[in-house]
Amino acid sequence: MPQRLLLLLSTNPNKHPEWPQGYRCLAYETLDSTMAEAARLAPTIDGPTWVMARAQTHARGRRGREWKAPAGNLAATLVFNPFCTPQVAAQRSFVAANALFETLALYVDRSKLALKWPNDVLLNGGKVAGILLETAGRGPFVDWLSVGIGVNLRETPQGVKDAKFAPVSLSSEGGADVSASEFLVYLACNFATQEGKMDRFGFDKIRTDWLKNAAKLGETITALQGAEVIQGIFDTIDADGNLVLITAKGPRAIPAADVYF
C-alpha cells in the first residue's frame, strides 16, 4: 500500500509553476507500482492525475514483465478518462512516445534518440524509457486509461534478463542530470501539448510526428508475434497504429508484436 505522500513543495511536481493546468499529481515515497495505484484511484478521480513514486516494490512492464526502477529514475502513471473507444485509447501510446521524446530532447542531443514501435524510446540504441497502457470499461467507451512511463534518468537497471535492447540511462549516455520530479513537470507539459494535438487534429498528426523520429523506418526489421517470426521493411504505422511491414508476401499490418533489429 502507498506510504507517505511527498508534500514538500520542492518534491511535489504539481506545485511547480510550469505544471500544466488541469492536471494533478500525487507523489509518493513508495508504492507497489504506480500502475496499481492508478487503477485504485481511477474510480474516484475528477480529472487527469499523474501518480509518481520514488520507489516501487512490484513494478511491471509490458506483458507482465518485471520493470526495474532504481532510485533516481522516473516511475509515473497518468490516469484519466479519454472519453473514447479502446481503439482510440490505444493510440495514446504514440501520444506518450512523442511527449517522452520531446522531454528527453531537453536533456540530450535529440539526434541520439529514436522511437521504437510500439512503446519504447531508444538512446544511442539502448532502451532509456518504456510505456505501458491499461484500460478498463465494459461499454463501447473506456472508463479510464492509465499511461505508465518509466525513464532511466540517473541509473542504468542491472540484471535485466533477455533484453534485446540493453537498458541505458540518460546519465550514462552523456545527458544532463535531472531529477524525476523536474522531468515529470516537463513530461506532463509535453503530454498535455500532444493530447491537445490529438483532440484538435486527430491521430494522423500524432502518427506523422511519431514517424519523424521512428527507429529503422525504411529498413528491414523483425517482428515476433507469438511463435511467428515476421521479417520485412518497416514501411509505416497505419491509421490504427499498427506496424506495417513490406514482407516477401506483400504488406502486412501487425497490431501487436515484439520488434527486433
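Modeller: A nonpolar core is a set of buried Ala, Val, Leu, Ile, Met, Phe, Trp, Tyr and Cys residues joined through side-chain atoms within 4.5 Å. Keep in mind that we are looking at a predicted model.

Colleague: Thanks, that helps. How many residues does the largest nonpolar core have, and which have the most contacts inside it?

Modeller: The largest core has 62 residues. Trp50, Leu74, Ile149, Phe183 and Trp210 are the ones with the most contacts inside it. Another core lies apart from it and has 6 residues, including Leu26, Leu31, Val51 and Ala53.

Colleague: Let's turn to the sheets. What is the strand order in the open sheet of 7 strands?

Modeller: First the general idea: strands of a sheet pair through backbone hydrogen bonds, either parallel or antiparallel. In this case the order is 1-2-3-7-6-5-4, and the pairing is mixed. Strand 1 (24–31) and strand 4 (113–116) are the edge strands, each pairing on one side only. On average, neighbouring strands in this sheet are turned by 20° against each other, direction ignored.

Colleague: How many bridges join strand 3 to strand 7, and which residue is the bridge partner of Thr77?

Modeller: Strand 3 (residues 74–80) and strand 7 (residues 144–151) run antiparallel and are joined by 7 bridges. Thr77 has Gly148 of strand 7 as its bridge partner.

Colleague: Which strands does helix 1 lie across?

Modeller: Helix 1 (residues 34–41) lies across strand 1, strand 2 (49–56), strand 3, strand 6 (126–136) and strand 7. Its direction runs at about 145° to strand 2. Helix 3 (residues 92–104) also packs on the sheet, where it touches strand 3, strand 4, strand 5 (120–123), strand 6 and strand 7. The direction of helix 3 makes about 145° with that of strand 6.

Colleague: Is helix 1 mostly covered or mostly uncovered?

Modeller: Mostly covered: 6 of the 8 residues of helix 1 are buried. They are Thr34, Met35, Ala36, Glu37, Ala38 and Leu41. These buried residues pack against strand 1, strand 2, strand 3, strand 6 and strand 7.

Colleague: Let me pick one of them. Why does Ala38 count as buried?

Modeller: The cut-off for buried is under 20% relative accessible area. Ala38 counts as buried because its relative accessibility is 0%. Leaving aside neighbours within four places in sequence, Ala38 is in contact with Val51, Thr77, Val79 and Ser146. The C-alpha atoms of Ala38 and Thr49 are separated by 8.4 Å, with the two residues 11 apart along the chain.

Colleague: Now the helix pair. At what angle do helix 4 and helix 5 pack?

Modeller: Two packed helices are described by the angle between their axes and the distance between the axes. Helix 4 (residues 180–201) and helix 5 (residues 203–212) pack at about 130°, and their axes are 6 Å apart. That angle is why helix 4 is described as oblique to helix 5. Helix 4 makes the contact with Gln194, Lys197, Met198 and Phe201, while helix 5 uses Phe203, Lys205, Ile206 and Asp209. By class, the contact has 4 nonpolar, 1 polar and 3 charged residues.

Colleague: Which residues of helix 5 are buried, and what do they pack against?

Modeller: Phe203, Ile206, Arg207, Asp209, Trp210 and Leu211 are the buried residues of helix 5. They pack against helix 3, strand 4, helix 4 and strand 9 (228–237). Trp210 is also one of the residues with the most contacts inside the largest core.

Technical notes
Residues numbered from 1 in each chain as written. Predicted model: local features only at pLDDT ≥ 70, side-chain atom pairs only at ≥ 80, totals over all residues. Heavy atoms only, no water. Axes fitted to C-alpha atoms, helices over the stretch in contact; angles between N-to-C directions. Helix = DSSP H or I, 4+ residues; strand = E, 2+ residues; numbered from the N terminus. Parallel < 35°, antiparallel > 145°, perpendicular 65-115°, else oblique. Contact = heavy atoms within 4.5 Å. Nonpolar A, V, L, I, M, F, W, Y, C, P; charged D, E, K, R; others polar. Buried < 20%, exposed > 50% of the residue type's maximum accessible area, 1.4 Å probe, protein only. Pairing = 2+ DSSP bridges.
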